[in-house]
Amino acid sequence: MSRYTNRTREWVGPYAHYDLVKELCIALGVMTLLAVVLTILFSSPDEKPSTIAQWSTAMPADFVTTAVSELDGTSGTAEYGPPYNHAAEGQHATFLKPQEWLGVSHPIDTASAYVYEPLQTIPGDAAVRAATATYKAAPAAKRKQWTEAYSQALEKATVGPAGTLKVAPGEYGPVPIMMNALLGLAQTGGLEGNLLRSNQFFQSDYTKPLLFMADGKLLEERAEADHLLGEQWGMMNETGSYPGQSWLWLYTFWYQIEPFKASENADILVVLLMTVLSLAFLLIPFIPGLRDIPRWIPVHRLIWREHYRSTPSPES
Amino acid sequence: MSVGATPPPSSGAPGAGASGAGASGAVASTSQGKRSWTVRTREAGVGALPPEKLLPDGQPTYVDSWIYVFGVATLAALMVIVGSGLILSLKGPAWWHDTGVGHFFNSIHLWAVELFFFTMVVHLWGKYWMAAWRGGRARVWMTGAIAFLIAIPAALTGYVSQQNFDAQWISTQAKDAMNSIGAGAFFNVTNFGQMYSWHILLFPIAVVGVVAAHVLLVRRHGVVPPFELAERSKPPKQGHPETDGAPS
């Protein structure tokens with residue numbers, strides 16, 4: 001790029017007193033006051049988080065249906081692909097496959113993580129251990145037959161006393177024994193601790209329980225009630241009537257229209273588009289056309305109206 | 001506002017740093033002193049931004065519009081964010097859920113963020129219509145744009161660190177965008193510990209650092225002057241030197 005020497009001339013006109021520090025102090029006072037007033041008027045949202053215990057108690061059929069899908073590998077997480085497993089390639093845009101390239105960094109075997117391992121922690125329950133062993137030893141086709149039949153039966157399940165589930169009799173193999181035990185563990189709050197378990201005493205990674213809950217319907221139902229779904233511009237909203245992340249409006253906008261709305265690769269397409277737009281925003285000073293609009297549409301006449309009023313035109 | 005009290009700030013020529021170097025007296029004048037990294041850093045700093053340019057007590061008379069308020073308002077809102085964030089971090093991430101005082105400071109933090117983005121967007125639009133990158137001020141524009149772009153994930157990490165339903169929902173939704181571009185491999189929005197670290201340390205350092213660079217560049221280059229009247233009526237035919245952002 002050539003280096004222009006004919007830059008905007010340095011201002012040689014009059015200067016006026018201007019107390020920058022005083023201006024900053026006043027601005028700080030005004031902004032603090034505004035934040036306090038908005039706090040007093042509107043506070044801030046803090047809806048309690050959902051727990052697996054609440055989910056399994058309030059929606060036992062959905063909880064068990066989700067757990068069965070984790071067991072037979074048909075849940076959203078089980079079929080997600082990287083960074084959780086190799087079940088899918090992940091999203092791509094033409095030859096760009098960063099999700100696949102970065103690989104499985106947070107491995108989750110849903111059957112083990114959400115069913116086998118939690119069931120192993122139930123002490124002294126020989127029936128559950130035998131059922132789990134029977135399930136693991138069965139051929140894949142048989143296991144699929146059991147879980148599909150049980151999932152269909154769960155659609156008509158009724159909730160019994162103390163949150164237990166009643167399903168019509170059928171060929172479900174050991175699946176009901178496993179699921180009833182898992183449901184009981186979840187309703188007592190034991191499953192949450194299980195999913196946070198690692199080699200460390202202190203925990204801060206909620207990936208496993210969050211993905212499990214996201215595979216079910218509880219979070220989605222709460223989100224829909226609070227207008228947080230994707231089709232409700234949910235990515236920029238927050239609970240209640242708060243402005244949320246309104247600065248994400250353009251990012252969220254693309255999800256509302258085709259071809260992004262129906263695309264299986266919507267996320268990567270929208271992120272790439274926003275990356276291009278962000279670069280354009282960053283590089284406006286170097287992009288002909290974009291950098292010339294302020295000259296063509298003279299909003300600056302309004303901004304500097306006092307200056308232009310007091311400065312005679314060279315042509316006049 | 002009284003006019004004509006202060007002369008235009010001196011240019012940022014290397015010679016401007018002479019006064020700063022002179023303060024070190026004989027030491028700086030020796031060959032050993034001139035090789036000193038400390039002296040060179042001081043001379044470069046004072047040369048680039050002499051005190052009267054860093055904190056001038058006058059501005060060109062064209063700096064006379066309400067739009068200029070939004071820059072300093074953005075800076076002030078950032079200060080409120082950092083201040084309220086410091087108080088929240090002193091007591092830990094669970095404090096604001098359990099106490100009224102904690103909830104009050106969380107609300108201050110939230111509304112300061114909303115005010116920050118609002119004033120920053122108005123400031124950005126104002127600077128766009130001024131074509132504020134003119135006259136070798138491209139870096140001023142770019143640091144402002146970067147501040148805006150970095151502030152977005154800084155806010156997102158705050159939303160997913162709230163430990164409430166918003167955090168649950170936003171993190172399980174945001175993970176798909178992160179994972180789709182491979183970022184999920186090292187930036188896991190469902191990992192509270194990681195997000196909290198980014199939110200209270202890494203992103204604040206980045207935002208404050210970029211904003212500081214932006215403000216220093218504004219002080220170095222001065223406030224962009226108005227379009228000249230003739231220039232508005234007769235734009236140059238070859239290129240746009242006035243809109244070229246070549247750094248000085």
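This is a short chat about how to read the predicted model above.

Visitor: Before we start, what should I know about the numbering and the model?

Guide: Residues are numbered from 1 along each chain as its sequence is written, while chains are lettered from A and ligands numbered from 1 in the order in which they are written. The model is predicted, so local features need pLDDT of at least 70 and side-chain atom pairs count only at pLDDT 80 or more, though totals for chains, interfaces and linings use all residues.

Visitor: What is the mean pLDDT of chain A?

Guide: pLDDT is the predictor's confidence in each residue, from 0 to 100. For chain A the mean is 90, and 95% of its residues reach 70 or more. Watch residues 1–6 of chain A, though: pLDDT stays under 50 there. Two residues are in contact if their C-beta atoms, placed from the backbone, lie within 7 Å, and for that stretch the model has six contacts beyond four places in sequence.

Visitor: How many helices and strands does chain A have?

Guide: Helices (H or I, at least four residues) and strands (E, at least two) are DSSP runs, numbered from the N terminus. Chain A comes to 16 helices and three strands.

Visitor: What is the radius of gyration of chain A?

Guide: That radius is taken over C-alpha atoms, and the globule rule is 2.2 Å times the number of residues to the power 0.38. A compact globule of 316 residues would come out near 20 Å, but chain A has 29 Å. Its C-alpha atoms fill a box of roughly 95 × 50 × 40 Å along the principal axes.

Visitor: Which domains does chain A have?

Guide: Domain bounds come from an automatic or database domain assignment. Here that gives domain 1 (52–221) and domain 2 (227–316). The C-alpha centres of these two domains of chain A lie 42 Å apart.

Visitor: How many residues of chain B are in contact with chain A?

Guide: 93 residues of chain B are in contact with 87 residues of chain A. On the chain B side, H8(B) gives the largest share, 14 residues. Nonpolar means Ala, Val, Leu, Ile, Met, Phe, Trp, Tyr, Cys and Pro, charged means Asp, Glu, Lys and Arg, and the others, Gly among them, are polar. That side of chain B divides into 52 nonpolar, 32 polar and nine charged residues.

Visitor: Which strands are joined between the two chains?

Guide: Two strands pair if DSSP finds at least two bridges between them. Three bridges join strand S1 (residues 15–17) of chain A to S1(B), and the two run antiparallel. In that pairing, A:His17 stands opposite B:Gly58.
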